[in-house]
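Subject: A structure for you to look through

Dear colleague,

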Amino acid sequence: GLYLLLAGTALLALILYVSFCLDNLMHSDTTAEVILSKFLADRNELISKEWFYSTEIRVIYTQLVMVPLFKIFSSYRLVKLLSVFIYYAVLLYAWHMLTKRFTLEKKWIFLGLALLLAPLSNEYLDMMFIGCFYTTQTICMYLVLSFVLKEKKNRKMWIREGIVLSMASLYLPMLLAFLLFPVLERDGNKKENWKNITFSLLLTGFTGIGFLINKFYLAVQYSFDTTSEVSFVPIDEIPDRFLTSIRLMLEFMGYRQIRVVTPLGIVNAVKCLFFLAFIAMIVALFRKRMELTGKERFLLYFFLMLFLINWYMLIFTDVLQQYRYWLPVYVTGAVLICVFMQHFRPATVFQKPLLCAFLALVVLSSLYGELWQDVKYNDCAKRYAYMDFLENNDYDFGYATFWNASVTEYLSNGTIHVGNLGGSDGKAAPYEWLTPKEYYRSGFHHGKCFLLLARTEEAGMLKGDFTVMEDAACVYQDEYYAIYEGQQDMYLFSKGYEPK
């Protein structure tokens with residue numbers, strides 16, 4: 001009962017936060033997905049050639065939820081809120097589907113669920129429970145693993161379900177996990193294991209085909225950056241990248257640079273101990289792996305391969321080092337914590353209750369250290385004043401740098417369209433990233449046009465570092481932002497720019 005209460009508390013806290021504080025962590029990455037969904041709903045599409053995507057084309061993503069909602073509701077905030085609730089429900093279902101494949105007591109399932117729902121860090125809260133960028137991947141991963149671990153009457157069902165939910169970050173670790181069985185377990189069922197290896201190799205092959213389609217067809221037809229340009233780093237950068245990767249693990253758990261003797265300093269200490277405890281639990285499971293069931297060992301090997309692949313990419317390649325990339329590893333580890341608690345046989349009667357109390361403290365300290373702190377800080381509050389100015393003066397189109405563009409359009413409920421600036425040619429160039437192409441096409445807009453700049457950006461323009469609107473008049477200023485108004489049509493058109 002206590003573990004169910006703990007998981008319920010974490011879930012209720014998330015629901016209350018997004019219900020009453022949705023604006024607090026809203027930024028242009030998150031709001032651009034809402035704008036994309038409205039854009040697709042108006043065009044009766046699920047993907048579009050008229051949108052600048054980011055690093056991939058969105059197929060199985062948040063628009064699958066928000067596009068239908070926009071057919072019913074017109075409020076951007078309401079659609080975003082409902083989509084988050086739907087994601088929570090599907091995530092709980094996926095968690096149930098995976099954990100029921102193992103022989104676990106309900107109390108450990110609820111404890112693991114509480115740790116999954118605990119907002120360990122600001123990025124985890126944003127990526128998993130507000131922006132829901134990684135929630136789709138987590139749901140798909142849980143469901144695919146559930147299908148793999150389910151007893152199948154025939155392989156055709158595996159292949160059919162696997163193709164539908166195929167992800168590169170899933171099937172390569174799965175293949176490597178199956179390959180570990182004959183290496184680590186000499187006495188295993190070799191025939192069955194080779195069937196599993198063949199099956200996962202087939203799915204990995206389908207993923208490879210998908211990569212080729214993505215690179216040579218979709219990348220030509222649609223506008224997005226591919227990841228095929230990732231390169232190995234110079235050897236002298238590897239030590240620094242290794243140390244950074246360790247720092248990112250700690251930051252994912254919620255570590256921050258802060259004074260020691262403070263409430264948040266105590267939270268920091270709890271998160272550091274949790275990081276060490278998490279490692280200790282995985283090591284203990286590996287050392288006692290032959291006491292686990294075959295399904296549990298597969299999940300353990302899958303986790304290890306997923307961890308090593310992520311670590312390898314962060315250290316040896318030039319991918320951007322961000323702690324969000326540890327998220328798929330952690331959500332897999334949350335299930336392994338349940339497995340560990342099921343098999344943990346302490347030397348004394350006090351150890352297990354103390355460990356349970358500590359894990360509960362991790363959940364509660366995350367709610368305090370992240371969620372409660374974010375309740376007190378609204379990142380959009382500084383925007384409300386300039387939003388009132390734009391709406392009261394009937395502006396309906398303008399420009400801003402990326403981190404001010406989509407969020408402004410979102411806050412206006414789509415009545416003010418905002419194009420991105422800050423491309424590769426400088427701040428005055430279009431930034432072709434998470435934005436409709438029509439915003440930069442001649443004929444889209446006529447009439448007065450505004451330029452929204454943060455005061456730090458305005459200082460660069462006034463010094464002559466870049467020019468956006470010649471002879472533009474400053475019509476609004478506050479502590480954070482300035483707005484300039486152009487007297488002509490969209491300035492980009494006079495330069496002959498057309499989106500590709």
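**What was found**

Glutamate 123 has its place in helix H6, which covers residues 122-130; helices here are DSSP runs of H or I with at least four residues, strands are runs of E with at least two, and both are numbered from the N terminus. This is a predicted model, in which local features need pLDDT of at least 70 and side-chain atom pairs count only at pLDDT 80 or more, whereas totals for chains, interfaces and linings use all residues. Residues are numbered from 1 along each chain as its sequence is written, and side-chain values use heavy atoms, with hydrogens and water left out.

Is glutamate 123 buried or exposed? Glutamate 123 counts as buried, because its relative accessibility is 15% and buried means under 20% relative accessible area, while exposed means over 50% and partly exposed lies in between (1.4 Å probe, protein chains only). Leaving aside neighbours within four places in sequence, glutamate 123 is in contact (heavy atoms within 4.5 Å) with Met128, Tyr323 and Arg324.

**The chain as a whole**

The chain contains 19 helices and eight strands, and of its 500 residues 55% count as buried. If you look at contacts with a separation of 6 or more, residues 24 or more positions apart account for 72% of them. The accessible surface of the chain, computed by the Shrake-Rupley method with a 1.4 Å probe (for residues, only the protein chains shown count as cover), comes to about 23,200 Å², and 62% of this belongs to carbon and sulfur atoms.

**Nonpolar cores and a surface patch**

A nonpolar core is a set of buried Ala, Val, Leu, Ile, Met, Phe, Trp, Tyr and Cys residues joined through side-chain atoms within 4.5 Å. The largest one has 144 residues, and within it Leu116, Tyr124, Phe274 and Leu359 touch the most other members. Helix H14 (residues 327-343) gives the most to this core, contributing twelve residues. There is also a second, separate core of 15 residues, which includes Phe397, Tyr439, Cys449 and Phe466.

Which residues does tyrosine 124 touch, not counting those up to four places away in sequence? Among them are Leu116, Ala118, Pro119 and Phe129, as well as Phe252, Leu327, Tyr330 and Val331.

On the surface, Leu273, Leu276, Ile279 and Val283 form a nonpolar patch, with about 360 Å² of accessible area together. Patches are made of residues with over 30% relative accessible area and no salt bridge, where like charges are joined within 9 Å and nonpolar side chains (Val, Leu, Ile, Met, Phe, Trp, Tyr) within 5 Å. Leucine 273 is found in helix H12, residues 263-287.

**Salt bridges and cysteines**

Side chains of opposite charge can pair when their charged atoms come close. With a salt bridge taken as a side-chain nitrogen of Lys or Arg within 4 Å of a carboxyl oxygen of Asp or Glu, the count comes to ten. One of them joins arginine 77 to aspartate 23, with the closest N and O atoms 2.9 Å apart. Arginine 77 lies in helix H4 and aspartate 23 in the loop between helix H1 (2-20) and helix H2 (28-43), so the pair ties together parts that are 54 residues apart in sequence. Arginine 77 is partly exposed, at 34% relative accessible area, whereas aspartate 23 is buried, at 10%. Another salt bridge links aspartate 379 with lysine 382, where the closest N and O atoms are 3.0 Å apart.

A search of the whole structure for disulfides, meaning pairs of cysteine sulfur atoms within 2.5 Å, finds zero. Cysteine 338 counts as buried, at 1% relative accessibility, and cysteine 21 is buried too, at 11%.

**Two residues with a positive phi**

Most residues other than glycine have a negative phi. Aspartate 394, although not a glycine, has a positive phi of about 60°; aspartate 394 lies in the loop between helix H16 (384-392) and strand S2 (397-401), and at 63% relative accessibility it counts as exposed. Asparagine 413 also has a positive phi, near 60°, and is found in the loop between helix H17 (402-411) and strand S3 (417-423).

With best wishes
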